[in-house]
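The following paragraphs lead the reader through a structure. The sequence and the coordinates should be kept at hand throughout.

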Amino acid sequence: MMLLRLITWPYVRKHLLRSALTTTGIMLGVAVFVGMHTANRSVLRALHRTVDRIAGATQLQITAGETGFDEDVLERVQGLAEVRVAVPVVEAVVNTGLPSQGNLLVLAVDMTGDRSLRQYDLESGEEAIIDDPLVFLAQPDSLIVTREFAARNGLAIGSRIPMRTMVGERLFTVRGIMRSGGLTAAFGGNLAVMDVYAAQFVFGRGRKFDRIDLALKDGITLDEGRRAIEKLLGPGFQVEPPSSRGQQFESVLRVYAISMNLTSLFALFIGMFIIFNSFAIAVTQRRPEIGILRALGATRRQIRALFLAESAIGGAFGSLVGLALGSLLARGIALYIGGLFEGVYGLAERPDEVTVEPGVLLFALAMGIATSVVGGFVPARNAARVDPVRALQKGKYQVLSAGENLVRRGAAAIAALAAVVFVLVGRGTAAFYAGYLLAIFAGLLLTPTAALLVAQALRPVLKWLRPVEGTLAADSLIQAPRRTSATVAALMLSLALVVGLGGLAGASYDSIVGWVTSALNPDLFVAASPNLTSRGFRFPASVADGLRQIDGVAEVQPVRSARVNFRGSPVLLVSLGIDGWIRRAWRPAVEGDTDTMYREAASGRGFMISDNLAGLYDLHPGSVIELGTPAGMLRLPVVGTVTDWSDQSGTIFLDRSVFIRYWNDDSANVLRIYLEKGARVPRVREEIQRKFAGTYRLFVLTNAEVKRYITGLTDQWLGLAYSQIFVAVLVAILGIVNTLTVSIIDRRRELGVLQAVGALRKQLRHTVWMEALSIGAVGLTLGLILGALNLYFVLEMSHRDITGTLLSYQYPTRMALLLLPIILASAFVSALWPAESAVRASLVQALEYE
Amino acid sequence: MIDLIRVSKQFDGKRKVTALDEVSFHVERGEMVAIVGPSGSGKSTLLNLIGGLDRPTAGEVHVDGKRLGGLSDDQMTMVRRDTIGFVFQFFNLLPSLTCLENVALPLHLRGWARRKADLRARELLELVQLGPRLEHLPEELSGGERQRVAIARALAIYPPILLADEPTGNLDTHTGAEILSLIRDLHERLGATVLIVTHDLTVAGSCPRTIALCDGRIVEDTRR
């Protein structure tokens, strides 16, 4: 403790800003971690609460994915001895015509039995509407809304609300207003209740229900009830407690959570390196101090413990600031995540409160401190090894001994060889990641040697630019590798990570654009929702027939997509006429023979799957996929794999005829329209809208509009990769400022002599600037090279563990070119203050500095 | 007290440099010895070996009955901590610490309680006539005053051995004489064994014994 007070605190106080900036990486990593996890948990908690509230006293729910099932299933379930009450439900998210109200979740129920499961606590309205279910049936336009929704829109009993349904815009009448609490808290009050049979009509369900909610008789356990129902219905149905619906939400969050975790880890790793760099510099700077302490009787252990304690305290400081920042960020991230659910559920779930859990805080604090201590470990060890005799002699410590170099290069060679063996020969995830880490480790070990080589290559260039200043700048790097190699390594590593992420983003973007161009090539899309991803509404088959009659329409391809259960997780099932796909949107198989794939799939003898599904579940042509359907188990082999970006969880493609046969459902979410040659898109679009206006809820999108929407989403992803550049710049600035500060101290006499023999102040500045630019150039060169290797690993990691998609290797040249001026400019900015301190130093003191 | 037996020290670099070549001598407890020689004769190297800051390439160094060669780094540090006080040519005070804190530093390294360490530091600074400057930083002191602080620090644990490497080398003649007088005074009072490395013959002349080095060898060992 005394040493901390006497030795550490004066140093920290003197370099307060630098000390604070050193912990920035830790702070960022902890903040992102806390913010993301807090937001994640808060949103999921809110969603689970919503699910529970809507479920009421429901013990089990029966679904068949998103496809729904025929009405007769209800009777069969109600006939089971174990079941006390079973009620049908249709859920739909609709857009009201009310300004700024967004979407409304409509819970359509059969009032006959539903009150056994849910409490409708009306504060006002026609009691008859609850007491006598026939009133609901007799007035199919009846709606019960929440107090919150009514208050926001100035609604009273008898008010009329327009809703955009499957059959066009319809007016509904408020006949009940629920008290606050319970059901009404779901989705911030954007919930309404209506009759299930009316909902079937207006939401295009035909004679199907979305699910059955049920309660069991007393004495029957959940397991017993579930077994009885599964035995009755067969494999095409899921029978689960309401809480398991949270799984669906969590799978949506999965990729987002992985991405945020990676960002957090990235920031922490860079933070660790900034700590390492700063402490390495500090050890160099405080060498004389360490020498004095050792001469006075401080043991190696005391010195090591001192520096480790400093790194721990720095980590604690950064972590505490990160905790506070993360808690503030959590609310913003929660709003963003809640908004993501609009894509899945159509409604944004925004948690009322964002509670930071003590467990998350403690873990983040421990993680930040541990990262900082790891970063400070090697410098602390080096500080303990400072030779007191040499430490009290200026400048002698900068040269790496030949022995040290040999050991490093030997270790690098071994690590590189081991990496190659693990990657090429090793099997499994552990071998891959071991190879990855070893490759990076080898790169780090080689940094001093590589930096020296690049600096030596730069020397003639710098000398040509400025004979004196350039030579001095280059020699400073060449003769003092200890001073610069930590900074160069930190910069190299962060740039390698940027290149890796940039390459991944770029490859993803190109793949997506390629997919959009080849797969999404109809001239028009007719959808039941404003974007192609929402599946709540469906068109009856007759709509496709109606579209075919429009002048200029050459072909209409109905597409029905729905999430189904595959190996316990939801995946997207897309059914369409494979023949039409072959004719219009042919794509080569990524795996499997293309002709065989299409032939077998078109004749209903196999599934085509997306490459990400294949990657995530290790599926290949010949693998058998089993899907539970209302008509029994559907078992077909995979006949081929195609590149597809429809869904991050993976996609199964099936010929429409098979879907209709097994799901008894000929409806469609989207209708792909190809026009005849010469037909004009705006005219046909107008014709469609005119023909179906008022009859169906229908959105007509052009090919350009769809592509714009998808590329817009993709640009957001790219934005994330480019944001990592900010971290790289921070690393550059911090590292170079540190290095130059030490350089100027070490070269004080040299700079003094320069002034004494006639160097102007601007010439002194130039030498410092050039040294900074050289460090930046060396780090940039090595970072771009290591980035090429890192990109391979990042693409492989993405394929194995994140998206499942195998992307092509494309070095992000544009990003690399962008990094060039950014990093060099950062290096220059970093040099401004050190250069000023160099020119302002006392000449006399500099010459006496020995 | 101090025994060197055929001690050699070589430095490996671009060329091998022999700083000391089979040096042997004995110093009794309480002696005050000057070690003289031209620049590069091995004086400072000799002091570093005796002080446990470095290890000989060959030969043995015994300090206060302990053979330094067989000790681990921590054990050497303990010997240095408990037995030896160092005075350097360039003072080597920590610039961010006050005089009091600089003098108390070796005591804190030994785990002394703060109050006890401060009390001892005050006593020592009074001893070297710097009582009024306790809270001053080194940059606020003259060269002579800084060297006094360094001497006070070296005496913090009342070491049996005091090693001074060119203690007056960075001072003017008058101040140097004052410092030398202080060292002699403390030697008489505390009875410590004192070795002073110097190139100044006046300083050497004030010590009862002088060992002269040249090219790493003892060329003369004179007692007055």
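In which helix of chain A does A:Ser798 lie? A:Ser798 lies in helix α29 of chain A; helices here are DSSP runs of H or I with at least four residues, strands are runs of E with at least two, and both are numbered from the N terminus.

The model is predicted: local features need pLDDT of at least 70, side-chain atom pairs count only at pLDDT 80 or more, and totals for chains, interfaces and linings use all residues. Residues are numbered from 1 along each chain as its sequence is written, chains are lettered from A and ligands numbered from 1 in the order in which they are written, and side-chain values use heavy atoms, with hydrogens and water left out.

With a relative accessibility of 3%, A:Ser798 counts as buried. Buried means under 20% relative accessible area, exposed means over 50%, and partly exposed lies in between, with a 1.4 Å probe and protein chains only. Apart from neighbours within four places in sequence, A:Ser798 is in contact (heavy atoms within 4.5 Å) with A:Leu504, A:Thr803, A:Gly804 and A:Thr805.

A pair of aromatic rings is described by the distance of the centres and the angle of the planes. Rings of Phe, Tyr and Trp (its six-membered ring) pair if their centres lie within 6.5 Å; planes under 30 degrees apart count as stacked, over 60 as edge-to-face and the rest as tilted. Over all chains, the structure holds 15 aromatic pairs. In one of them, A:Phe432 and A:Tyr433 are edge-to-face, because their ring centres are 5.0 Å apart and their planes stand at 75 degrees. A:Phe432 is buried, with a relative accessible area of 3%, whereas A:Tyr433 is partly exposed at 25%. A:Phe432 also pairs with A:Phe793 in a tilted geometry, with 5.8 Å centre to centre and 45 degrees between the planes. This pair links distant parts of the chain: A:Phe432 belongs to helix α17 (residues 428-445) and A:Phe793 to helix α29 (residues 761-802), 361 residues apart. Both A:Phe432 and A:Phe793 are buried. Ring pairs link A:Phe432, A:Tyr433, A:Tyr436, A:Tyr792 and A:Phe793 into a cluster.

Two further positions in chain A may be examined. A:Thr702 is placed in strand β21 (residues 699-702) and counts as buried at 13% relative accessibility. Not counting residues up to four places away in sequence, A:Thr702 touches A:Asp523, A:Leu524, A:Phe525, A:Val681 and A:Arg685. A:Ile274 is found in helix α11 (residues 246-285) and is buried, with a relative accessible area of 3%. The C-alpha atoms of A:Ile274 and A:Ala825 are separated by 19 Å, the two residues being 551 residues apart along the chain.

Chain B may be described as a whole. Chain B contains 7 helices and 10 strands, and its C-alpha trace spans about 45 × 40 × 35 Å along the principal axes. For 224 residues, a compact globule would have a radius of gyration near 17 Å, and the 17 Å of chain B agrees with this; the radius is taken over C-alpha atoms, and the globule rule is 2.2 Å times the number of residues to the power 0.38. Buried residues make up 54% of the 224 residues in chain B. Of the contacts in chain B between residues at least 6 apart in sequence, 67% join residues at least 24 apart.
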